[in-house]
Amino acid sequence: MFLPEHKWYYQALVLMGDFNHPDICWRDNAAERKQSRKFLECVNDNFLLQVIEESTTRRGTMLDLSLTNKEGLVRDVKLKGSLDCSDHEMVEFRILRAVRRALSKLTTLDFSRADFGLFRDLLGRIPWDKALEGRGAQDSWLVFKGHLLQAQEQCIPTERKSGKNTKRPSWMNKELLGKVKQKKEAYRGWKRGQVAWEEYRETV
């Protein structure tokens, strides 16, 4: 049991996970099974709030919970569809807190300003037969990688990423963004009864 005199009790807490208590009715604050009633009692004794209101599985049960000790701490809870063919849906939410805007430390290669002519020239000067002679696959790779990175450092400048680009992985290209959009549209269609589960699963 959490006790109020513990100093961490007064700190913000968000607890998220699959608690596997499908018989709990959060609207009525009641449960059928003894184990679920004990869990519900623990939640109430520690003044925790459960903020997810929709079922989080294809079977219509609420297994995934988001518990917090501060009202208003968790906002904009949204179900975003399943990952691959999982029965569970992904849950997206915002945790409100005081944030300090920091400069991005993420850098990326700026190929638009790269000198590929010099890059080819530098790698072409290396006597690869002698450099790799008598070496195994792993050692050969390390030698090649070392020369490649040296040439890259001289020929390809870097730039600091900022804005939306800092949140998007470099491998997330337009094609993948389009597929993610298709998945979200299929998910909305399935929730509205306009798309069959099999069709949605194939899209995922």
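Trp141 is partly exposed, with a relative accessible area of 43%. Here, buried means under 20% relative accessible area, exposed means over 50%, and partly exposed lies in between (1.4 Å probe, protein chains only). Trp141 sits in helix α4, residues 137–155. Helices (H or I, at least four residues) and strands (E, at least two) are DSSP runs, numbered from the N terminus.

This is a predicted model: local features need pLDDT of at least 70, side-chain atom pairs count only at pLDDT 80 or more, and totals for chains, interfaces and linings use all residues. Residues are numbered from 1 along each chain as its sequence is written, and side-chain values use heavy atoms, with hydrogens and water left out.

Areas come from the Shrake-Rupley method with a 1.4 Å probe; for residues, only the protein chains shown count as cover.

**Overall layout**

The chain has six helices and seven strands. Along the sequence they follow the pattern β-α-β-β-β-β-β-α-α-α-β-α-α. Of the 204 residues, 26% count as buried. The accessible surface of the chain comes to about 15,500 Å², and 50% of it belongs to carbon and sulfur atoms. Contact means heavy atoms within 4.5 Å. Among contacts between residues at least 6 apart in sequence, 55% join residues at least 24 apart.

**The sheet around β3**

Three strands form an open sheet in the order β1-β3-β2, with antiparallel pairing. β1 and β2 stand at the edges, each with a single partner strand, so one side of each is left without a neighbour in the sheet. Two strands pair if DSSP finds at least two bridges between them. Strands of a sheet pair through backbone hydrogen bonds, either parallel or antiparallel.

Strand β1 (residues 14–18) is joined to β3 by five bridges. Within this pairing, Met16 stands opposite Ser66. On the β2 side (residues 49–50), two bridges link the strand to β3. Leu49 has Thr68 as its bridge partner there.

How many residues of β3 are buried? Five of the five are, so β3 is largely enclosed by the rest of the structure. In a regular strand the side chains alternate between the two faces of the sheet. In β3, Asp64, Ser66 and Thr68 point one way, while Leu65 and Leu67 point the other way.

Thr68 belongs to β3, residues 64–68. Thr68 is buried, at 1% relative accessible area. Leaving aside neighbours within four places in sequence, Thr68 is in contact with Leu13, Val14, Phe47, Leu48, Leu49, Val51, Leu73 and Val74.

**Nonpolar cores**

A nonpolar core is a set of buried Ala, Val, Leu, Ile, Met, Phe, Trp, Tyr and Cys residues joined through side-chain atoms within 4.5 Å. The largest one has 10 residues: Ala114, Phe119, Leu122, Leu123, Ile126, Ala131, Val143, Ala151, Cys155 and Ile156. Helices α2 (116–124) and α4 each supply at least two residues of this core. Ala151 touches Phe119, Leu122 and Leu123, not counting residues up to four places away in sequence. Apart from this core lies another, of nine residues, including Val91, Ala186, Tyr187 and Tyr200.

**Salt bridges**

A search of the whole structure finds two salt bridges. The criterion is a side-chain nitrogen of Lys or Arg within 4 Å of a carboxyl oxygen of Asp or Glu. Side chains of opposite charge can pair when their charged atoms come close.

| Side chains | N to O distance |
|---|---|
| Asp110 and Arg113 | 2.7 Å |
| Asp121 and Arg125 | 2.5 Å |

Asp110 counts as buried, at 10% relative accessibility. Asp121 is partly exposed at 36%. Its partner Arg125 is exposed, with a relative accessible area of 56%.

**Helix α6**

Thr203 lies in helix α6, residues 197–203. Thr203 counts as partly exposed, at 34% relative accessibility. Which residues does Thr203 contact, leaving aside neighbours within four places in sequence? They are Gln182, Lys183 and Ala186. Thr203 and Tyr187 are 16 residues apart in sequence and 9.1 Å apart in space, C-alpha to C-alpha.
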